[in-house]
Amino acid sequence: VREIPTEGTVVFDPRGERSARKYFDEHMSGPVGIVIGPEGGLTEEEVALFKERGASIVTTGQTILRAETAAFAALTLGCRR
């Protein structure tokens, strides 16, 4: 986590502060990095470190997606310009 550039990084986590759809609707003016955790999710410490370094923490709501499905959902949301 410490080695990932976090400016413009979006972390998908069920504990996210805002919806992924709303984030991408408001912030799609340039490149974005997307972080999707492993099966079982990111730890609270990992999410806190991303947040501390300036990443945006977003959620897809109450739906918990498998890692490979989450990647496609993130790309779909990010490509809706």
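In what order do the strands of the open sheet stand, and is their pairing parallel or antiparallel?

Tutor: The open sheet has 4 strands in the order β2-β4-β1-β3, and the pairing is parallel. Strands and helices here are DSSP runs numbered from the N terminus (strands E, at least two residues; helices H or I, at least four), and two strands pair if DSSP finds at least two bridges between them. Because β2 and β3 (33-36) stand at the edges with a single partner strand each, one side of each is left without a neighbour in the sheet. The partner of β2 is β4 (residues 56-59), joined to β2 by 2 bridges and running parallel to it. In this pairing R18 stands opposite V58 of β4.

Before going further, note how the model was made and read. This is a predicted model, in which local features need pLDDT of at least 70 and side-chain atom pairs count only at pLDDT 80 or more, while totals for chains, interfaces and linings use all residues. Residues are numbered from 1 along each chain as its sequence is written, and side-chain values use heavy atoms, with hydrogens and water left out. The chain has a mean pLDDT (the predictor's confidence in each residue, from 0 to 100) of 80, and 89% of its residues reach 70 or more.

F12 touches residues of both lists: its contacts (heavy atoms within 4.5 Å) include A20, F24, V35, L42 and V58, leaving aside residues up to four places away in sequence.

Helix α2 comes next. V47, L49 and F50 are buried in α2. They lie on the same side of α2, because their arc around the axis is only 160°, taken from the directions of the C-beta atoms as seen from the helix axis. The buried residues of α2 pack against β1, β3 and β4, whereas the face turned away from the buried side carries the exposed residues E44, E45 and E52. Just after α2, G54 takes a positive phi of about 100°.

One more link runs from α2 towards the sheet strands. K51 and E17 meet in a salt bridge at 2.7 Å, N to O, where the term means a side-chain nitrogen of Lys or Arg within 4 Å of a carboxyl oxygen of Asp or Glu. K51 lies in α2 (residues 44-52) and E17 in the loop between β1 (9-12) and β2 (18-19), so the pair ties together parts that are 34 residues apart in sequence. K51 is partly exposed, at 47% relative accessible area. By this rule there are 3 salt bridges. One of them joins D13 and R15, also at 2.7 Å; D13 is buried, at 3%, and R15 partly exposed, at 42%.

Terms used
Buried < 20%, exposed > 50% of the residue type's maximum accessible area, 1.4 Å probe, protein only.
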